[in-house]
Amino acid sequence: MLDTPTSPSVIPPYPARPKKALNPLVALLKLRQNLLGIWHERAFEQFMIPVKLPNRRVYVVNGVDAIKRVFLDNHDNYDPKSPQMRKALTPLLGDGLFVSDGDVWRRRRAMVAPAIAAAQLPNYAPMMVACAEETATNWRALPAGATIDVLSEMAVLTARIIGRTVFGDGISEAEATRVVRGFSDYQAVIEQMDILSMLGAPGWLQRDRNGKADAAAGEVQAMVDTILARAGADKDAMRLAASLLNAAEGQEDNPAAAVRNEAIVLFMAGHETTANALAWTWALIAMRPDVEAKLHAEADAVLENGRSATLEDFQRLPYARAVFEETLRLYPPVPLLSREARGDDILRGFPVSKGDIIVIAPWLVQRHKAYWKEPDAFRPERFLPGSAEPPPKFAYLPFSAGARVCLGARFGLVEAVLCLATLARDFRLKPVPEHKLEIECRLTLRPKCGLPMTLERR
Ligand code: HEM
């Protein structure tokens with residue numbers, strides 16, 4: 001299945017690139033429309049891009065050696081998320097590990113990691129597959145040729161999976177829907193404001209939505225508190241929550257608040273990322289009939305006679321995995337990562353001082369001309385085992401890298417591949433010709449205005 005010279009190259013859409021670097025103020029204004037529209041062609045060749053903003057210095061770091069230094073070798077100097085990112089997410093996550101640093105982060109990471117580690121996947125995979133089969137059953141009930149919004153279908157699917165992971169059977173369908181709605185409300189409030197502030201944009205460019213954000217966050221927290229209050233009593237139905245509670249007892253001043261914050265982190269980090277990536281995957285598959293045919297052939301061979309997938313099948317689905325990994329390269333759900341320097345350092349000869357913001361952009365690095373052949377082309381074969389062009393270390397960052405690497409990377413990968421194979425076993429999704437595929441970049445990267453596609457039974 002390795003790539004052959006006859007494989008056609010398809011260049012999926014990306015925002016137009018300005019011919020030369022924009023001046024910082026124009027760039028900031030443009031950022032409000034599309035976060036990814038400011039990068040000029042040369043940004044995909046440079047290794048360090050210093051940006052002087054009125055109130056602080058920002059470095060956009062593309063060089064893999066410097067990325068390794070920030071994320072791994074000198075991680076302690078860069079472990080805080082940017083203060084603006086913390087400000088944006090703290091109303092919702094409190095001291096949850098996604099926004100904390102230092103000792104709190106270390107303690108919470110150690111508390112949460114075992115609950116979603118690869119060793120736990122045998123507990124979660126059957127539920128992931130059951131959720132994907134539920135989606136397949138719903139799709140089967142639709143009339144032939146129905147148009148569905150694949151983005152919201154994937155959002156419902158992944159929210160169901162993470163909801164059942166975190167809250168087990170202890171959450172009702174109505175509660176799950178309310179939690180998901182609460183999250184969308186919160187995101188709608190903070191949306192682009194956070195990106196701007198994350199990059200250190202001046203206050204006058206940011207709308208003050210703190211009051212609304214606090215209200216939306218308060219609702220989510222109250223709902224999650226109510227659900228979690230049952231975890232102590234029903235340990236079997238709410239295993240993950242009960243295990244977090246157990247770990248928090250004796251370690252945390254307020255164990256219930258710590259568990260609530262981490263449950264919200266897991267829900268937030270684990271649902272929209274996977275949903276967006278799966279939606280992009282369907283859009284890309286539809287652009288390459290040869291990729292679609294290989295994916296179908298693999299799904300048919302592994303899930304013979306239409307049987308349901310198992311965790312063991314993950315290893316037998318390398319093509320589905322390669323398709324998903326290539327999608328994460330082209331459309332990383334988290335396209336920008338930011339950190340604040342705690343103290344002085346040197347990155348590729350540039351001086352870094354306390355308070356400087358470091359932006360590492362999977363969007364740039366994963367399309368960088370020095371690291372990737374045909375960087376804008378969709379070529380899943382590069383991720384197949386034995387590929388002649390394996391991804392360079394620290395140039396493939398959909399899950400970040402180093403000390404703060406995504407805790408759910410394996411979970412998300414297994415989830416996506418099993419869902420993809422289950423749905424590809426039975427269905428083909430065709431683009432709707434009148435819909436223009438565009439990119440929207442807010443906190444995460446997703447297809448703008450949803451992703452209408454036509455559903456066909458195979
Ligand atoms: C395709 C799916 C996913 C993608 C692309 C993704 C991406 C990321 C990225 C880029 C980060 C680092 C953010 C930063 O450094 O600023 C992160 C952190 C995190 N992710 Fe994921 N994620 C995915 C799925 C999941 C899932 C399914 C879970 C939970 C089950 C999860 C849990 C977390 C947690 C807890 C963190 C915080 C880690 C820390 O700060 O130490 N993620 N994720």
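Which helices each supply at least two residues of the shell around the ligand? Select α4 (102-116), α10 and α14: each of them does. Bear in mind that this is a predicted model.

**Stop 1: the ligand shell.** Center on the ligand. The shell around the ligand holds 25 residues, and Gly270, Thr273, Cys406, Gly408 and Gly412 come nearest. Color the shell by class: 16 residues are nonpolar, six polar and three charged. Now highlight α10, which gives the largest share of the shell, seven residues.

**Stop 2: α10 against α14.** Select residues 255-287 for α10 and 409-426 for α14; the two helices pack at an angle of about 40 degrees, with axes 11 Å apart. That angle makes α10 oblique to α14. Their crossing is right-handed. Show side chains next. From α10 come Gly270, Thr273, Thr274, Ala277, Leu278 and Thr281; they meet Gly412, Glu415, Ala416, Cys419 and Leu420 of α14. By class, this contact has five nonpolar, five polar and one charged residues.

**Stop 3: α5 against α14.** The crossing of α5 and α14 is right-handed. On the α5 side, pick out contact residues including Leu121, Tyr124, Met128 and Glu133. On α14, the contact residues include Phe411, Val414, Leu418 and Asp426. Twelve residues in the contact of α5 with α14 are nonpolar, two polar and three charged.

**Last selection.** Pick Glu415 and Cys419 of α14. Both take part in the contact with α10, and both are also in the contact with α5.

Technical notes:
Residues numbered from 1 in each chain as written. Predicted model: local features only at pLDDT ≥ 70, side-chain atom pairs only at ≥ 80, totals over all residues. Axes fitted to C-alpha atoms, helices over the stretch in contact; angles between N-to-C directions. Helix = DSSP H or I, 4+ residues; strand = E, 2+ residues; numbered from the N terminus. Parallel < 35°, antiparallel > 145°, perpendicular 65-115°, else oblique. Left-handed = near helix turned anticlockwise from the far one by under 90°. Contact = placed C-beta atoms within 7 Å. Nonpolar A, V, L, I, M, F, W, Y, C, P; charged D, E, K, R; others polar. Near = placed C-beta within 6 Å.
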